[in-house]
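Please look at the sequence and the structure shown below, and keep both in view while reading the paragraphs that follow.

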Amino acid sequence: MRVFPRRALLAAPATVLLFALAACGGGSDSGSGSSKSDTQQAAQGSGADTAGEAAGDTDDEKEPPLTGDVKQKAEAAALAAYPGTVLKSEEDVEKPGMYAVEVKQADGTSVEVYLDKSFKVTGTKQEGTEETENAG
């Protein structure tokens, strides 16, 4: 078995990093609009995702599911307005103080039904579309 010198072992990670940077174009300024901060964000991985959430992007926030009597009343109100099958019911993080119940309708489409604390339908959003809300 051959023993490698210590310098060779220490140089291997540096060599891999050099080739990775060269492959990504990290060593050249080709005028492509990339900047040092872009490279830093790419190196941080999910750092950009966290910044988006801090700026008010709540799409990925975990919304607490409804339970008990509140769940039953919210789902009943949503189904009365939009018959179908309840897929999920939760507190709405995007609209504090509101409930959201997702209902799959007979035609296969899904609608998110927004309810206030008195279980009155205040709006809807067709699932699979951008934030186009319809007054209820």
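Glu-112 lies in strand β3, which runs over residues 110-115, where helices (H or I, at least four residues) and strands (E, at least two) are DSSP runs numbered from the N terminus. This is a predicted model, in which local features need pLDDT of at least 70 and side-chain atom pairs count only at pLDDT 80 or more, while totals for chains, interfaces and linings use all residues. Residues are numbered from 1 along each chain as its sequence is written, and side-chain values use heavy atoms, with hydrogens and water left out.

Glu-112 counts as buried because its relative accessibility is 8%; buried means under 20% relative accessible area, exposed means over 50%, and partly exposed is in between, with a 1.4 Å probe and protein chains only. Leaving aside residues up to four places away in sequence, Glu-112 touches Glu-90, Ala-100, Val-101, Glu-102, Gly-123, Thr-124, Lys-125 and Glu-127, a contact being heavy atoms within 4.5 Å.

Helix α4 takes up residues 68-81, and its 14 residues should span 20 Å at 1.5 Å a residue, which agrees with the 21 Å between its end C-alpha atoms; the expected span is 1.5 Å times one less than the number of residues. Within α4, the residues Ala-74, Glu-75, Ala-77 and Ala-78 are buried. They lie on the same side of α4 because they cover an arc of only 160° around the axis, the arc being that of the directions from the helix axis to the C-beta atoms. The buried residues of α4 pack against β1 (85-91), β2 (99-104), β3 and β4 (121-126), whereas Gln-72 and Ala-80, on the other side of α4, are exposed.

In the loop between α3 (47-54) and α4 sits Lys-62, which is exposed, because its relative accessible area is 75%. Lys-62 is 30 residues away from Asp-92 in sequence, and their C-alpha atoms are 9.6 Å apart in space.

Turning to the chain as a whole, the protein chain has 4 helices and 5 strands, and along the sequence they follow the pattern α-α-α-α-β-β-β-β-β. Of the 136 residues in the protein chain, 19% are buried. Among contacts with a separation of 6 or more, 28% are between residues 24 or more positions apart. The accessible surface of the protein chain is about 9700 Å², with 55% of it belonging to carbon and sulfur atoms; such areas come from the Shrake-Rupley method with a 1.4 Å probe, and for residues only the protein chains shown count as cover.
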